[in-house]
Amino acid sequence: MDNQSTMEECGASQPLNLCHVQTKACILNRAHALLHSLALLYLIHYRLSHLIFLLAQNGGTAAPIIFWLLIFSAELLLSFMWLLGAAFGWRPVRRTVFPERLPGAEELPAIDVFICTTDPEKEPTLGVMNTVLSAMALDYPPEKLNVYVSDDGGFSETLSGLREAASFAKTWIPFCRTYGITCGCPQAYFSDQEDQLPPDNIFIEERRKIQKGYELFKANILKGRDNKSSSSLYHDGEAGTSKDHTSLIEVMDDDIGPNGRVMPLLAYVAREKRASHPHHFKAGALNVLLRVSGIMSNSPYILVLDCDMYCNDRSSAKQSMCFHLDPKTSQSSFAFVQFPQRFHNISKNDIYDSQLRSTFNVLWPGQDGLQGPVLSGTGFYVKREALYHAPSFPQDMSEVRALYGRSNVFIAKLQQGYKLEGFISLPCSLQDEARSLASCTYEEETKWGQEVGFMYGSVVEDFLTSLHRLHRQGWTSVYLDPPRPQFLGNGATSLNDLLVQGTRWSSGLVDVALSKYTPLKYDISSKMSLLQSMCYSLIALMPFYCLPLWCFATIPQLCLLNDVALYPQVSTSWNFITFIFIFLSSTLKFLQEVLSTGGSIQAWINETRIWMIKAVTCHLYGTLDAVLKKIGYREASFMPTNKALDEEQVKLYHAGKFNFQASDMLVGPLVFVVTLNVISLVFGSARALFFNDWDRMFIQICMSFYVTIMSWPVIEAMLIRKDQGRIGFEVTLKWVGLCLGGLLLGSVLIRPV
């Protein structure tokens, strides 16, 4: 591919990073956008003119016009969302970095690492501790690296596991540094059969010793899990639960050498939680870490990691500094470097699109060419100042307290700036201050979650923070996707986990779309470009795909059964060609994106299928959840995805078989849609054949056929499969009955007596 290169220089001739505009992709995307737009305009003209014709017909009935209007509305919404998505393809870029050109260790800034965990049942402690160890093992000066673990449930199992990790780190981290181990996660490193270094007797002996230490560490973690108490931590004799407990801060033992710290700082933070005070989910936990770390290490840069997203490459910190320390960005409004989320448990087939290929291989590189990608929840290095400050730091102390709270120590750190003080221990006075900063009442009458820190108001705190706190305020970001994945996590391996996670994300995105922060309301005073606003708008509106897809999966099929044509005849060449062109244009463009990013035909089928499944299930429920919250019917809820993998579901996933052992409310709509389309295909085709009506009903028959073919795994699970992943007979019977009832009702509505 030919690339137009632009240089972001550090000094006269030694750039820390390069940005390459993907010229061929730009030309292809813009040409496609033009042709597709013309076809959509012709479609709208056809619909409007035909609608006028229907209304003018004396013999026309109201029911067919209503269905015509519904289909037209679905086409308009889908066209609008396609137009928003075209912004991602306007200027895709890719980046390379040169960490070897960074200044020496003494000139590198300090980094704080935030790792959040909630429940050791869903997020196994061993996996969390491997993430912690991988963060501590980053290739960065140890005295400038500080790791904070937020335990939102306050579980003693997590605290004891962190103490074990601190002990094992004293041998693991020197081993990684001495031998230049690339992967800092011991679990991943020891499960790899091939060492990264040539055989050496000393190395082999050292590796054997470290592996024996890891097995002991692992056994101690598992022993702690078996002996765990059902209650959460306690402090000063005060018992608690995971939802009601006091705050606790503990710094693990620190090794001090003659030249200062020889190990990264490791701290445990359990914020106070009370039923009477909102805790704001992950955003609340991150804001507590911002404050607690602000009086302890106060590093100018922060790495945020999910508890299951370990550091697969120890060089990510230095790679991110190639942007943060670049003279053209470091002193300006540059906010964060976002790395892609990659997953170590993805099967070759990846039937659930767990790797989120389109997001991290197409959308984020496209947005990077505008103002930068969205914060993606994990794997990003963000400037602390970007999260702290309102447009300008106030001078009046009352305004300062209104923004940041009552802590004089924290405010003093803000005014002092970021100075490395060689933190060694946590004195009692500072420990009490840290516990106060982690209390559930600290944020009362402050701007935390509004103008300071990660934003509240949605469970997708990363998206909302990125939108309103960063990009709208003029901050920029970059997307860095090196050849070797920097962070690896666990992808969803069951349909239930995928749809539960998708429902939560959908609800959060619709929350933002319907809020005062909606990206649909473009403000000319905003420092965010129009194209960037379009990108954010599409992401916020993605759950609304449920509306047009439900229309296209039911209304044409219902009308086919009742001999009502909604699309032009084959013989009306231009009108018919327009609809076929739009379908093929969008389908082939998506196929091109899949193939150009290393995918296959099978990957294209899988991603199309899972997009349809999500649209009729989790997107629908997430949208309803957000609307109900908007009208005050229910409160927001947040359930972490289960990261404790079940062996049976993993086997089905790697065998390429869907696991439909999920909630009836998640599986039921799939049965409903498939049943309707199969019935429509069989009886509609028979009617067209008997009455020689193919010319008029061809597109609707093709739509039923397409949905049926793409839904083959559902049909197989309903009628053929006998394993544990099948759809239960009771579920099938109930939703088939609902479908038949819907068909009868639809027939009455279309042809009223």
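Is C322 buried or exposed? C322 is buried, with a relative accessible area of 0%; here buried means under 20% relative accessible area, exposed over 50%, and partly exposed in between, with a 1.4 Å probe and protein chains only. This comes from a predicted model, in which local features need pLDDT of at least 70 and side-chain atom pairs count only at pLDDT 80 or more, while totals for chains, interfaces and linings use all residues. Residues are numbered from 1 along each chain as its sequence is written, and side-chain values use heavy atoms, with hydrogens and water left out.

C322 sits in helix 8 (residues 316-324); helices (H or I, at least four residues) and strands (E, at least two) are DSSP runs, numbered from the N terminus. With neighbours within four places in sequence set aside, C322 is in contact with L16, N17, V97, F98, P99 and L102, contact meaning heavy atoms within 4.5 Å. L102 is 220 residues from C322 in sequence, yet the C-alpha atoms of the two are 7.0 Å apart in space.

Next come the annotated sites. For "active site", an unreviewed UniProt entry lists D152 and D462; UniProt positions are given in the numbering used here, with feature names shortened, and annotations may be inferred rather than shown by experiment. D152 is found in the loop between strand 5 (145-151) and helix 4 (156-179), and counts as buried at 6% relative accessibility. D462, in turn, belongs to helix 14 (residues 461-470) and is also buried, at 14% relative accessibility. Not counting residues up to four places away in sequence, D462 touches L375, S376 and G377.

D152 turns up again under "binding site", where the unreviewed UniProt entry lists K122, E123 and D152. These span 31 residues in sequence, yet no two of their C-alpha atoms are more than 12.9 Å apart, so they gather at one spot. E123 lies in the loop between strand 4 (111-117) and helix 3 (125-136), and is buried with a relative accessible area of 6%.

As for "transmembrane region", the unreviewed UniProt entry lists residues 33-53, 65-90, 534-553, 573-591, 666-691, 697-719 and 731-750. Residues 33-53 are 100% helix and 0% strand, with end C-alpha atoms 30 Å apart. Residues 573-591 are likewise 100% helix and 0% strand, and their end C-alpha atoms lie 26 Å apart.

Helix 22 (residues 664-690) runs for 27 residues and reaches 38 Å from its first C-alpha to its last, close to the 39 Å expected at 1.5 Å a residue; the expected span is 1.5 Å times one less than the number of residues. Just after helix 22, N692 takes a positive phi of about 50°.

The axes of helix 19 (residues 601-616) and helix 23 (residues 694-710) come within 10 Å and cross at roughly 105°. Axes here are lines fitted to C-alpha atoms, for helices over the stretch in contact, and angles run from 0 to 180 degrees between N-to-C directions. Helix 19 and helix 23 are therefore roughly perpendicular to each other, a label for 65 to 115 degrees, with under 35 degrees roughly parallel, over 145 roughly antiparallel and the rest oblique. I605, T608, R609 and M612 in helix 19 meet Y706, V707, I709 and M710 in helix 23.
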